[in-house]
Amino acid sequence: MGESRWFDECRYGMFVHANIATVPAFAPVHEYADWYWAFLETRPDMVLHPTCPLPEVVAWHREHAPGRAFDDFVHQLTFDRFDADDYAQLLDDAGMRYLV
């Protein structure tokens, strides 16, 4: 089956992604939680919109993870409660055709 035909037939699916930013999993409305670290502190090697750090992220971090560096979240990124069968059932129940 060609790529375009495959997409026409299977276009509804799910993309699952996890990284350290998945642990705090916070972002202001219309922003991405994946950018938590960049939103938390000035990162001179990144060109971002809007100006960073973002006050909302700094305030959330101060309240929920006071004194912790971003890297301190890494030990909490586990997949202990991940159940591939649950994801497969969710996809099937929703009529999705693929998972990445």
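User: Where does Ala25 lie in the chain?
Analyst: The model is a predicted one, in which local features need pLDDT of at least 70 and side-chain atom pairs count only at pLDDT 80 or more, while totals for chains, interfaces and linings use all residues. Residues are numbered from 1 along each chain as its sequence is written, and side-chain values use heavy atoms, with hydrogens and water left out. With helices (DSSP H or I, at least four residues) and strands (E, at least two) numbered from the N terminus, Ala25 belongs to the loop between β1 (13–14) and α2 (36–40).

User: Why does Ala25 count as exposed?
Analyst: Ala25 is not a glycine, yet has a positive phi of about 50°. Exposed means over 50% relative accessible area, buried under 20% and partly exposed in between, with a 1.4 Å probe and protein chains only. Ala25 counts as exposed because its relative accessibility is 51%.

User: What is the relative accessibility of His30?
Analyst: His30 is also placed in the loop between β1 and α2, and its phi, near 70°, is positive in a residue other than glycine. His30 counts as exposed because its relative accessibility is 78%.

User: Which residue forms a salt bridge with Arg5?
Analyst: A search of the whole structure finds 1 salt bridge, the term meaning a side-chain nitrogen of Lys or Arg within 4 Å of a carboxyl oxygen of Asp or Glu. The two partners are 4 residues apart in helix α1 (residues 3–10), so about one helical turn separates them. With the closest N and O atoms 3.1 Å apart, Arg5 is bridged to Glu9.

User: Which residues line the largest pocket?
Analyst: A pocket is an open set of points on a 1 Å grid over the protein atoms alone, where a 1.4 Å probe fits and protein lies on both sides within 12 Å along at least five of seven lines, and lining residues have an atom within 4 Å of a point. The lining residues are Val16, His17, Ala18, Thr22, Thr78, Phe79, Asp80, Arg81, Phe82 and Tyr87.
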